[in-house]
Amino acid sequence: MRMDILEFGAPSSGMPGGSEEALHVFVRMLFSCLVDADSLDTEAFSEPDLSSRREGWAGLAEIEARLAHAMTNFPREGPVNEARWQVRNEVMAHASESPGFFSLTVPTGGGKTLTSLSFALAHARANGLRRVIYAIPYLSIIEQTADTFREHIGAHAVLEHHSSLDPETADERGLLAAENWDAPIVVTTTVQLFESLFAYKRGRSRKLHNIPGSVIVLDEAQLLPPDFLDPILSILRVLVAGYGVSVVLCTATQPALASAERSGRKFKGLDGIRDLVRDPGSLATQLDRVSVEWPGDIRARSSWEDVAADLLRNHQVLCVVNTRADASALSALVPDSVHLSASMCAEHRAKKLADIKDRLKAGAEIRVVSTQLIEAGVDIDFPVVYRALAGLDSIAQSAGRCNREGKLSRGRVVVFVPPRSSPKGHLLQGEQATVSLLAAGLARSMPFRPEGFRRYFDLLYGTLPTLDRAGIMPLLTAGARDAEMSLRTAAGKFQMIDDAGTTSVLVPYERGAEMIRRLERSGQPDRDLLRRLQRFAVVLHEREFRSLLAVGGAREIVTGIFAVEPDRYDDRLGVVVGDASIASDLVG
């Protein structure tokens with residue numbers, strides 16, 4: 001049995017780290033060692049050729065050298081590039097520090113993606129760590145990030161693991177390594193990382209023993225879901241304290257995760273976080289490239305017709321709204337606009353994003369209406385961005401798509417009050433926190449500065465009734481000293497994306513149409529074909545799904561597997577139901 005976890009701070013007693021919150025992690029790690037060793041031994045016996053195909057990954061030292069060489073070709077001229085190099089040099093000065101919690105607070109466009117990878121590689125070398133795990137909240141940007149890494153460190157140095165991975169482009173070694181994350185660089189989703197850490201099933205547990213001794217970079221850390229913040233922060237504390245892990249909280253809008261007293265409640269957060277950038281406030285001023293226009297009257301709602309008229313007055317403009325229904329409604333009022341939402345399958349969205357970038361580069365006229373899937377991490381640069389009122393972090397991320405490269409003296413960001421409020425839940429809570437900041441005059445005076453985000457997140461977290469909505473921590477800690485932990489129940493409750501009341505349907509977009517026909521002809525769920533069809537799937541609210549079925553817009557092609565009819569998948573909008581109502585396009 002592989003006992004890799006013993007290399008990185010093996011617990012000396014039955015209560016690792018001396019707290020109830022740590023025991024379930026130790027049990028999971030032991031289980032992971034057992035099931036992965038069993039799987040690998042079985043594979044070596046029954047399919048010995050597969051074992052040899054798992055090998056050949058580049059070492060971290062080689063990868064670090066490749067990245068350092070690639071960075072020598074990066075431009076240094078101009079204020080934005082000068083700031084990016086300043087950030088990189090300052091961050092790399094901390095690479096030799098001991099493992100722990102770090103924050104990398106860099107405004108959008110400040111080069112934090114490659115800087116964070118450079119830090120992680122150098123930090124791993126300095127501390128004898130063995131891999132880098134890069135966790136990203138949006139499927140819409142994970143492929144972009146993985147492609148950026150491959151461009152700079154080699155096509156075969158990165159394991160990309162997420163539900164939307166295209167098997168057509170994944171090599172066999174990568175597919176094998178996805179089973180247990182035995183690779184030097186893992187690019188995955190935040191959902192995949194944390195749901196694996198709380199999993200009880202054999203398949204998802206195989207990778208856990210390869211997490212000790214890693215540098216975990218949490219990209220866009222502000223998107224950690226508040227409903228699960230207590231269990232997420234708990235397991236991060238245990239990994240850092242007992243398993244030799246370093247965690248880098250990487251974002252332009254740093255959440256307030258340090259322990260604090262909020263609204264009469266003690267918030268147990270992450271203590272001892274070290275800032276990799278000494279003065280994020282000065283950096284924010286240096287990289288400030290936009291002027292923000294806030295609504296004069298927060299109670300005065302704009303109609304979609306008014307917003308559409310404003311968009312039509314701009315040659316190139318992006319408008320980010322809060323729901324798929326809003327995106328569909330506004331897009332219909334802007335002729336020739338590009339619509340972008342999770343009503344479109346991953347393959348469709350990727351092609352739309354590529355087309356948007358090409359048209360921007362060519363200086364062509366383009367107006368994009370998108371849900372929030374475009375606002376974090378997507379490398380795109382508009383001169384003007386409109387943003388429906390939302391959480392301050394969301395507004396700032398949308399602003400990061402404006403004048404990103406600093407080609408204009410100032411970009412223009414317009415915040416407007418949409419016809420209706422955000423849906424109940426985290427989106428509405430964020431909007432209300434922003435309204436409170438506006439009422440106090442703080443959002444206008446320091447909108448995208450670190451102190452503004454601290455006030456925003458303090459307000460957001462302090463007003464939430466709980467940061468453990470599903471009650472996960474009591475399931476894992478109440479009986480820990482008697483070794484009574486409800487691991488299976490906790491795993492069932494730890495669902496970062498609430499898929500209750502939703503159905504995934506296959507859509508006939510381009511080559512997806514032929515694969516759907518093949519699946520239907522086979523009459524049974526073909527595992528390989530279904531894996532390939534993941535890029536051609538859309539998640540629908542149950543009401544939408546039932547509406548489609550009622551009008552013959554979807555059919556069951558194999559037991560339990562449904563496909564959308566061709567006339568119900570639009571090349572501009574994606575799945576057309578008639579009433580797109582899913583609130584959020586956050587994905588995992």
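**Figure 1. Lining of the second largest pocket.** Helix 4 (79-92), helix 5 (112-127), helix 6 (139-153) and helix 14 (346-362) each give at least two residues to the lining of the second largest pocket. Helices (H or I, at least four residues) and strands (E, at least two) are DSSP runs, numbered from the N terminus. On a 1 Å grid over the protein atoms alone, a pocket is an open set of points with protein on both sides within 12 Å along at least five of seven lines, a cavity is a set where a 1.4 Å probe fits but cannot get out, and lining residues have an atom within 4 Å of a point. The model is predicted: local features need pLDDT of at least 70, side-chain atom pairs count only at pLDDT 80 or more, and totals for chains, interfaces and linings use all residues. Residues are numbered from 1 along each chain as its sequence is written, and side-chain values use heavy atoms, with hydrogens and water left out. The second largest pocket holds about 1,100 Å³ of space, a volume being the space filled by probe spheres set on grid points joined across faces, edges and corners. Its lining has 43 residues, and R84, D379, I380, R404 and E405 are the closest to the centre. Helix 4 contributes the most, six residues. By class, the lining has 13 nonpolar, 16 polar and 14 charged residues (Ala, Val, Leu, Ile, Met, Phe, Trp, Tyr, Cys and Pro are nonpolar, Asp, Glu, Lys and Arg charged, and the others, Gly among them, polar).

**Figure 2. The largest cavity.** Three cavities of 30 Å³ or more are found in the whole structure. The largest cavity has about 110 Å³ of space. Its lining is made of 13 residues, with L223, D393, S394, H426 and L427 nearest the centre. Helix 15 (392-399) and helix 16 (426-439) are the elements that supply two or more lining residues. Helix 16 has the largest share, three residues.

**Figure 3. Aromatic pairs.** The whole structure contains 11 aromatic pairs. Rings of Phe, Tyr and Trp (its six-membered ring) pair if their centres lie within 6.5 Å; planes under 30 degrees apart are stacked, over 60 edge-to-face and the rest tilted. F457 and Y461 form a tilted pair, 5.6 Å centre to centre with 40° between the planes. These two residues are about one helical turn apart, because they stand four residues apart in helix 18 (residues 450-463). F457 has 1% relative accessibility and so counts as buried (buried means under 20% relative accessible area, exposed over 50%, partly exposed in between, with a 1.4 Å probe and protein chains only). Y461 is also buried, at 2%. F545 and F562 form an edge-to-face pair, 4.9 Å centre to centre with 80° between the planes. F545 lies in helix 23 (residues 542-550) and F562 in strand 19 (residues 561-564), 17 residues apart.

Figure 4. Strand 18 (residues 554-558) and strand 19 run antiparallel and are joined by four bridges. Two strands pair if DSSP finds at least two bridges between them. E556 has F562 of strand 19 as its bridge partner. Two residues lie between the strands of this hairpin, and G560 in the turn has a positive phi of about 80°.
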